[in-house]
Structures are given as structure tokens and as C-alpha cells.
Amino acid sequence: HLMGVGYFSHTVYVGNARPNSGIGTGLYYTTDDGQTWTQSLAQGLAEDALQIAVHPTELGTVAIATGDGLYMSTDFGNTFTQVGDAAPVSTVTFSPDGEVVLFGYQTLFTYNRTTNEVETINSPAIDRDDFFSYLAVSPASDQIAIATMSRNIYRTEDSGQSWQQIAVVGIAQNA
């Protein structure tokens, strides 16, 4: 299954491929630490969800990375709209204030929720057979970290202007 949690809201979204004792298949969310789960309609969402990111404070706002691109919902996952035309999208996260969504596959993009603009940002150079598997943004600085499926890890301390590889195939480098 896939899971994402809001940094401050603690809203949890789960994409469940197989039913379990608590929930069935599909997209579910909880706002009360798992005491109750509500199924989202997920209208407009592609079937191949790869990662879920939850807005840090807005309980009903969720972004989902898919093979078809990035999809966003502001109504607890009931309806989704595609953001931009980049596809596939393998990883997604919100900025600490929730106003910008960072996402990508082999190139990084930002989506500004205020202006509705998608922009390409400087990305670390990766092998053409590799892709981004995880993306994290520090809530305390301009640091961004990216991990790839080949277990390479990159870090920037200047919002993507320059990147430093800090792990090669899972082995830490002198940072």
C-alpha cells in the first residue's frame, strides 16, 4: 500500500491495493489517528499511483504521483485534476508551507499552487535507466534531498542551484 501524512495536520491517506481488517481497496483517509477511515471517490485519478504526499496543514489536500503524471485533490481525494503534463511522475512532496509542490521522475518540477505555474528546476544528473524514488524538503532550511531507485542520494542546500551526491549505490560519500 501507499501512505502519506500531513506534517502538521497528521491527516493520513492510504492507497490500499488489497483489503485488510480495517479498510477495503482504494484510497482512504483518516483525520483522527486511524480511529475512523473514509473512502475517497478518487475520480479522475490514474490507476497506477506511485506515491502520496499530503499537504502539511490542509486536511483535504493531497497530491499523488502516477505513471500518467501528477494529480491533486483539495476535497479529500474525491476528485483529482492533473497538474502539468510531465509524465511519468515517481515522487512528490509539498514545501513546508504547502504552497509549492515538488515532483519528478528524472527531472524535478515545482507547481506553485498560488499561480498554477509548473516550472522545471535544476536537477541532479542521473543515469537514464534510473529515476527519483523519494524526495524530501527540510522544514528548517533550503535543503532538498532526492533518492533514486539505484540507491543514489543527492542533496542541495541552495534550493537546487547545485547538487552534491552523498550516497552512491547506498554507500555514503564524504559529505
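In this predicted model, strand β16 (residues 164-168) runs alongside β17 in the antiparallel sense, with two bridges holding the pairing on record. Across that pairing, V168 sits opposite I171 of β17. Zooming out, the two strands belong to an open sheet of five, ordered β13-β14-β15-β16-β17, with antiparallel pairing. At the edges are β13 (132-137) and β17 (171-172); each has a single partner strand, so one side of each goes without a neighbour in the sheet.

Now for the aromatic rings. A pair of them is described by how far apart the centres are and by the angle of the planes. The structure holds five aromatic pairs. One of them joins Y7 and F8 in an edge-to-face arrangement, at 4.7 Å centre to centre and with 90° between the planes. Y7 and F8 are both exposed.

Another pair brings together Y13 and Y29, whose ring centres are 5.6 Å apart. Their planes meet at 35°, so this pair counts as tilted, given that stacked pairs need planes under 30 degrees apart and edge-to-face pairs over 60. The pair links distant parts of the chain, as Y13 lies in strand β2 (residues 12-16) and Y29 in strand β3 (residues 26-30), 16 residues apart. Y13 has 0% relative accessibility and so counts as buried. Y29 is buried too, at a relative accessible area of 14%, because the cut-off for buried is under 20%.

Methods: Residues numbered from 1 in each chain as written. Predicted model: local features only at pLDDT ≥ 70, side-chain atom pairs only at ≥ 80, totals over all residues. Heavy atoms only, no water. Phe/Tyr/Trp six-rings, centres within 6.5 Å; stacked < 30°, edge-to-face > 60°. Buried < 20%, exposed > 50% of the residue type's maximum accessible area, 1.4 Å probe, protein only. Helix = DSSP H or I, 4+ residues; strand = E, 2+ residues; numbered from the N terminus. Pairing = 2+ DSSP bridges.
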